[in-house]
Amino acid sequence: MKIASLVILLGLFAYLAPAQVPAAFVASPDKHLSVKVTLKDGSARYQIFKDNQPVLESSALGLVLADVDLSKHLKEVSKSPEKTITQDYAMRNAKKSTIHYQAKQRSWLLATPTGEQLEIIFQVSNDAVAFRYRVKRKKEAISNVESESTSFAFPAQTRAWLQPMAVAKTGWEATNPSYEENYEQDIAVGTPSKMGAGWVYPALFKTNDTWVLITEADLDSTYCATRLQDKSPRGEYFIGFPDAREVIKDKNLNPRARGTFQSPWRVLTIGSLATLIESTAGTDLALPALKVDAAFIKPGRASWSWINSKDDFIVYDEQKKYIDFAAYMHWPYCLIDADWDRKIGYEKVQELAQYAKTKNVGLLLWYNSAGDWNTVKYTPKGKLVEDQSRRDEFARLEKMGIKGVKIDFFGGDGQSVIKYYHDILLDAAKYHLLVNFHGATLPRGWARTYPHLMTTEAVKGFEMVTFDQKAADNQPTHAAMLPFTRNAFDPMDFTPMNLYKIYTSVKRKTTSAFELATSIVFLSGIQHYAESPEGMEHVPAFAQDFLRQLPNHWDEVKFIDGYPGKLCVVARRSGKRWYVAGINGEAKEKQLKLNLSFLAKTKATLITDGEPMFTQQSITPSQATLVTVKANGGFVLVTE
């Protein structure tokens, strides 16, 4: 009986004890994240663990080239010693101004029976796992990548928050994909999208109590942008390449490089929601900043007439009014949108630029990306596609005193389109022009590499709210989703903050304090506000002063509270002053108890919803700061 009891007891211990985790191939500096790699039947696989618990189950690795399959029949050649990667860098259009990055790196060299080699490089920081492929070939060899075998296999109980990829050449004037769809929130992994074209980055998952945000970084001009494929059997998501129609000029779709080449980093930020909000993983893995005269790179805020008065008012007098509006609000920029070349003209725009300069305001001008793939009629069109024409146009703008360009309607992720983005950014730097991409792909860390890339749309933004009541109805939960997904790393031109009303038949569902809070919650190098001079007349003087004094860039971020689609409360610091802002994504009032102990003994001003628009009061933040937030409402708090 004693022997039998001992056997049962040992069996019980074995059942209760966690499964033994194999030795890590590489682990984070703090040892909480680890990666295991295996080679089984000639195919490479990897797993990710957090505190010895699986985050990703066995997932696939490999590339398939036109002339060689680097995903099968592989044998190990070598594994490199582990080394420490350390970087310190600065950004002025991100969540932090100075960033310290440290990770452990190790590579795995594999070979086919014919001797072709695939190097897989893993890099693990305390908040992210990243990996990329490097293929070394003869200098004259041209490699065409047909597909990636990369997958992300999640446990069955995992939930997902994903934005569908739109089908290429659909939508208005066939301008899709433009990353402007509503997120599917809290869905089971393996759920196919309604559009059947896959899912865009960043893709958010929750497995047990661990959050995972997948994106890519260091996307150069030789590679295409990727996505997650639509079919994800049993929760295993595979990387997908663009639709064959997502091409321009030379019509090249897939990655194509001569000699040695490497893929973008596949980046998985892993941890709590605070980890996601405070992480810089999406820029940590991007290339360092281009060497450029940085004197012209100045983040800021902008007035913008089109969001309120639309196409018919891109005229001289209206734009002069919005220049005056920017000056009145102490905003450094004013954006003139589509058709300015026909409705105002170059000479009169230069006159406006000179007038704006006297008001300490810089002008930004809209452009159509153009090309034979683009049927949109808005102009200027046809000036940026060819290299010499683009440089001539940019030189003309610099001479006119224009500070930046907004370029719209790209409609694709193929290698030829990605190269076009890089070409624009390189030339814009030469002519000291800030850049805003619209109708565009996710920038994937480009704002670090090209510090003059101030912002990119790649989101269903406020313009959609002005057109469609359904978009307005969905705005609260959509906006409360974005800090955890689209806006986690890359600057986002949502064009937020309509405080008074929308000048169409659409009725806004958010409160004015919700809208005010988006000026802090959302990150953008240049924040184009959706308010008009007429609307601002209804805004209390103290709220106007708040907007005049808002910083143009941030030094630090802290996650305070929230859940994707339901609530987001963040704190941002500029200099010695902290700004705390919250938005309620649900149609019910909430009593928030916020831990603001890091602001203890500091006086602050709290602005919430009130009559007729806002109420403000002085408070002393504490470990249990109480804030009432209305249904679809918000608040801002500013330290003295």
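The points that follow take up one lysine and then several salt bridges.

1. This is a predicted model, in which local features need pLDDT of at least 70 and side-chain atom pairs count only at pLDDT 80 or more, while totals for chains, interfaces and linings use all residues. Residues are numbered from 1 along each chain as its sequence is written, and side-chain values use heavy atoms, with hydrogens and water left out.

2. Lysine 406 lies in strand β26, residues 404-408 (strands are DSSP runs of E of at least two residues and helices are runs of H or I of at least four, both numbered from the N terminus). Lysine 406 is buried, at a relative accessible area of 3% (buried means under 20%, exposed over 50% and partly exposed in between, with a 1.4 Å probe and protein chains only). Leaving aside residues up to four places away in sequence, lysine 406 touches Trp304, Leu335, Asp337, Leu365, Trp366, Tyr367, Asn436 and His438 (contact means heavy atoms within 4.5 Å).

3. With the side chain of aspartate 337, the side chain of lysine 406 makes a polar contact of 3.0 Å (a pair of N or O atoms within 3.5 Å; within protein, one must be able to donate a hydrogen and the other to accept it, and residues adjacent in sequence count only if both atoms are side-chain atoms).

4. The whole structure contains 32 salt bridges (a side-chain nitrogen of Lys or Arg within 4 Å of a carboxyl oxygen of Asp or Glu). One of them joins the side chains of arginine 342 and aspartate 339, at 2.7 Å from N to O; arginine 342 is exposed at 54% relative accessibility, whereas aspartate 339 is buried at 7%.

5. Lysine 419 and aspartate 423 form a salt bridge in which the closest N and O atoms are 3.0 Å apart. Because these two residues are four apart in helix α9 (residues 415-430), about one helical turn separates them. Lysine 419 is partly exposed at 35% relative accessibility, and aspartate 423 is buried at 16%.

6. Aspartate 555 is joined to arginine 573 by a salt bridge, with 3.9 Å between the closest N and O atoms. This pair links distant parts of the chain, 18 residues apart, since aspartate 555 sits in the loop between α15 (541-548) and β30 (556-563) and arginine 573 in strand β31 (residues 567-574). Aspartate 555 is buried, with a relative accessible area of 17%, while arginine 573 is partly exposed at 22%.

7. Finally, Asp387, Arg390, Arg391, Asp427 and Lys430 belong to one network, joined by salt bridges that share partners.
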